[in-house]
Amino acid sequence: MRDERPSASRLLATVRRDLRAAWLAHRRYVLASALLLLGSMLVGVRFWQRGRAIGDVPAAPLASKLLPRQFSATTLLGDNMGLFSLLVVGALTLGILTAVGLFAQGIVAGYFLAVSAGQYGTGLLAVAVVPHNVPMFAAFVLAAAISFRLVVCTLGRLVGTRPQTLETAEWRQAGLLLACAWLVLLSAALIEAHVTFWLTETLF
């Protein structure tokens with residue numbers, strides 16, 4: 001009797017196909033999320049230029065820390081999961097919490113980068129901030145994009161432009177993209193725990 005289980009190559013091809021479809025479906029929302037994050041970073045820079053304190057930054061407690069910390073990757077991942085989860089679950093609030101969380105992260109990041117560049121220069125930022133924060137921000141943007149698309153599709157169903165929120169294949173693709181975002185967040189925690197902190201201690 002022939003084995004009907006899919007081969008590893010077929011599974012890999014399916015994953016690649018689903019990832020490509022997920023990217024095509026979410027890329028507009030990824031761009032919108034990235035622009036929201038970058039725009040809010042500029043707002044954070046303006047906060048610093050006006051001499052405001054970090055406590056004046058709206059929703060600052062929601063944001064993840066930027067400087068490397070001497071913790072295990074598991075602890076760092078757990079810390080970042082708070083905002084990551086908020087960005088995804090924010091879809092239940094029609095994307096309001098998603099937008100607030102991403103905006104808060106951008107403001108805090110922009111404020112911190114402006115303060116650090118003024119006090120320590122760009123060399124420390126390149127070593128202590130860039131390595132782990134780039135993948136962390138990428139994970140946050142992907143999570144927000146999934147949430148925003150889910151909101152748009154839900155509204156489309158309510159107004160009658162879509163027969164259902166997401167088809168079965170679309171749910172699978174969104175879940176796969178969310179898993180990739182989580183893996184990127186995991187890589188950020190591993191980099192922070194094993195690379196960034198060591199580089200900072202060694203060079204500075």
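1. Confidence comes first. This is a predicted model, in which local features need pLDDT of at least 70, side-chain atom pairs count only at pLDDT 80 or more, and totals for chains, interfaces and linings use all residues. The chain has a mean pLDDT (the predictor's confidence in each residue, from 0 to 100) of 87, with 90% of its residues at 70 or more. Residues are numbered from 1 along each chain as its sequence is written, and side-chain values use heavy atoms, with hydrogens and water left out.

2. Helix H5 has the highest mean, 94, while helix H4 (residues 122–128) has the lowest, 78. Helices here are DSSP runs of H or I with at least four residues, strands are E runs of at least two, and both are numbered from the N terminus.

3. Now the interior. A nonpolar core is a set of buried Ala, Val, Leu, Ile, Met, Phe, Trp, Tyr and Cys residues joined through side-chain atoms within 4.5 Å; buried means under 20% relative accessible area, exposed over 50%, and partly exposed in between (1.4 Å probe, protein chains only). The largest such core has 30 residues, and Phe84, Leu87, Leu102, Met136, Phe137, Phe140 and Leu185 have the most contacts inside it. Two or more residues come from each of helix H1 (8–49), H2, H3, H5 and helix H6 (168–203). H5 gives the largest share, 11 residues. Another core, of five residues, lies apart from it and includes Phe112, Leu125, Ala128 and Val129.

4. Leu94, Ile96, Val100, Leu155, Leu158 and Val159 make a nonpolar patch of about 610 Å². Patch residues have over 30% relative accessible area and no salt bridge, with like charges joined within 9 Å and nonpolar side chains (Val, Leu, Ile, Met, Phe, Trp, Tyr) within 5 Å. A salt bridge puts a side-chain nitrogen of Lys or Arg within 4 Å of a carboxyl oxygen of Asp or Glu. Areas come from the Shrake-Rupley method with a 1.4 Å probe; for residues, only the protein chains shown count as cover.

5. Where does the patch come from? H3 (96–120) and H5 (130–159) each supply at least two residues, and H5 has the largest share, three. Leu94 sits in the loop between H2 (73–89) and H3 and is exposed, at 56% relative accessible area.

6. Finally, the cysteines. With a disulfide taken as a pair of cysteine sulfur atoms within 2.5 Å, the count is zero. The sulfur of Cys153 has its closest cysteine sulfur in Cys180, 19 Å away and too far for a bond. Cys153 is buried at 5% relative accessible area, whereas Cys180 is partly exposed at 25%.
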